[in-house]
Amino acid sequence: MRWQIPLLIVLIGGVFMAVQYFVPLEFSERIYEYCVDWVIIVGVFAMGLGLWSLFRVSVGKIQTKAQGWGYNFITLGGLFGMILLGLFSGIEEGKQFMNLFWYIYTPIQSSMFALLAFYVASAAYRAFRARTLVSTILLLTAVVIMLRLIPLGPVSGLNQTVASWILTVPNMAAKRAIAMGIGLGGIATALKVVLGIERSYMGKE
Amino acid sequence: MAFYEKLMTMDRRVVYITMALAVAIPLFVPFQVPIHTTSEVKSVYDFIESLKPGDRLLIAIDYDPNAMAELHPMALTICRQCFAKGIKLFFVTLSQNGPGMAEQLVSRLSKEFNKKNGVDYIYLGYKPYPGLVILSMGQNFRISFPMDYYGTPVDSMPIMQGIRNYDDMKAVIAFEAGWVADSWIGDANGRYKLPVALGLTGVMTADYYPYIQSKQIIGLMGGLKGAAEYETLAKAKDRIASRGMKVQTITHIVVILFIIVGNIGFFMSRRKKL
């Protein structure tokens, strides 16, 4: 019974949700709405669990003075500081909560992302070598796509046309093939779960 | 070390310093980059131009500060165009750092256009689990957003009177820095037939071209270039993206030059070996 009941719930739920998509009746819409509500509720519990886990791990590291425990202290300070400021000072523009977001968090995240420009330049210089036919095609494609952002005078129109062709023909064909592969893989996995073949979500078996 | 070897094994600090200069110098040198508009951006612009005063648009601010440079300018330009036309905007954010982005946008533009919260626009706020929120809004906005960002019950606001779900919206303009774009296309458009237009970061753009041809999206604005194109079409006064294009143009030229230099060294070394 420990295995059969969860499997039965998954089977009924999976078949119902698949059929429901094609049944435009108010009754099925109501049940669907109810299911979506439940998934949100379960999701909120997952968030609580995540917060508890973060708190427990951080406190544990601080107590044992594990390597880098100072970062855990900052993590907890940030977590509770933002929660308290959000609750008591408000979350509108100009409040302390937003000031911390704009003047501490935003510059940190923007700077981290901006560093990518340097890594990309260095990686492109080292990796883009015309060693083989395939790598030459990749190199030329990358250059054409990058050049579409640059005004080239009379050649701009031609480059835009070539870049547009690359994006809408070979790129699109490859993306569609990948998307279809992912879609078919998703359907196969969902069927395996619904039919009880894939049971790893229930833990060890 | 031979010259060609030097070309191939340039110290990475040289690359970094050159890039830093390529980013910094254009900011101080006054010049303009010509912006050519593309059909995928123009179709978004034409769609918004076709709307009438009082029409309703859902605006999804689904990006974090790291994508702000690319997506904030296009969000600003589009929201300005909408407010100027008298379109009612419903802001929502499904990215965990999006509330700050959206709040700044809303407070700035509402002052600029003298628009009233709850009458001309509503900022519904943030809810986690984007796929589920998008699905739930297809049923009823109130499932995920019984209150707005500031804690006011949405039913007490005039803008929400008679509004239930996506059927009451003309489209969603989604500014995306991640996979939430797939959910807008697959769930909001696929299941509920809500027209979708996308504003994307530059690296994401190529992934979403198939959806233009299949007509699952109205159009897309890709990265800073897409934002600059939109500013050109909308004749924006505050041309943040167009100014940023100077930097982007020079840095791209520098990257291409580095690739060329590396390949010159590579071919010279091959010739020596032969």
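These legends go with a set of close-up views of the two chains.

This is a predicted model: local features need pLDDT of at least 70, side-chain atom pairs count only at pLDDT 80 or more, and totals for chains, interfaces and linings use all residues. Residues are numbered from 1 along each chain as its sequence is written, and chains are lettered from A, with ligands numbered from 1, in the order in which they are written.

**View 1. Chain A is built from eight helices and zero strands.** Helices (H or I, at least four residues) and strands (E, at least two) are DSSP runs, numbered from the N terminus. Read from the N terminus, the elements go α-α-α-α-α-α-α-α. Of the chain A contacts with a separation of 6 or more, 20% are between residues 24 or more positions apart; a contact needs C-beta atoms, placed from the backbone, within 7 Å.

**View 2. Chain A is divided into domain 1 (1–66) and domain 2 (116–168).** The bounds come from an automatic or database domain assignment. Taken over C-alpha atoms, the centres of the two domains are 44 Å apart.

**View 3. Helix H8 (170–194) of chain A is on the side that touches chain B, and is hardly covered.** One of the 25 residues of H8(A) counts as buried. The end C-alpha atoms of H8(A) are 36 Å apart, which agrees with the 36 Å that 25 residues should span at 1.5 Å a residue; the expected span is 1.5 Å times one less than the number of residues. After H8(A) comes Gly196(A), with a positive phi near 80 degrees.

**View 4. Gly78(A) lies in helix H3 (residues 69–89) of chain A.** Gly78(A) counts as partly exposed because it has 13 C-beta neighbours inside 10 Å. Leu100(A) is 22 residues away from Gly78(A) in sequence, and the two C-alpha atoms are 9.9 Å apart.

**View 5. Chains A and B meet through 41 residues from chain A and 44 residues from chain B.** On the chain A side, the elements giving two or more residues include H2 (26–64), H4 (96–114) and H5 (116–127). H4(A) provides the largest share of that side, nine residues. By type, the chain A side splits into 24 nonpolar, nine polar and eight charged residues. In this scheme Ala, Val, Leu, Ile, Met, Phe, Trp, Tyr, Cys and Pro are nonpolar, Asp, Glu, Lys and Arg are charged, and the others, Gly among them, are polar.

**View 6. Chain B has eleven helices and six strands.** Its C-alpha atoms fill a box of roughly 75 × 40 × 30 Å along the principal axes. Of the 274 residues of chain B, 48% count as buried. Residues 24 or more positions apart make up 73% of the chain B contacts with a separation of 6 or more.

**View 7. Strand E2 (residues 88–93) of chain B is largely enclosed by the rest of the structure, because six of its six residues are buried.** Lys88(B), Phe90(B) and Val92(B) point one way from E2(B), with Leu89(B), Phe91(B) and Thr93(B) pointing the other way. In a regular strand the side chains alternate between the two faces of the sheet. Strand E1 (residues 56–62) of chain B runs parallel to E2(B), joined by five bridges; strands pair if DSSP finds at least two bridges between them. Phe91(B) in E2(B) is the bridge partner of Ile59(B).

**View 8. Helix H8 (residues 180–189) of chain B is largely enclosed by the rest of the structure, because eight of its ten residues are buried.** Among the buried ones are Trp184(B), Ile185(B) and Asp187(B). The cover over the buried residues of H8(B) includes E1, helix H6 (130–139) and strand E4 (171–176) of chain B.

**View 9. Thr37(B) sits in the loop between helix H2 (12–28) and helix H3 (39–50) of chain B.** With 14 C-beta neighbours inside 10 Å, Thr37(B) counts as partly exposed. Leaving out residues up to four places away in sequence, Thr37(B) touches Lys42(B), Glu229(B), Thr232(B) and Leu233(B). Ile217(B) is 180 residues along the chain from Thr37(B), with 18 Å between their C-alpha atoms.

How values were computed: A residue is buried if 20 or more other C-beta atoms lie within 10 Å of its own, exposed if 12 or fewer, and partly exposed in between; C-beta atoms are placed from the backbone. Two residues are in contact if their C-beta atoms, placed from the backbone, lie within 7 Å.
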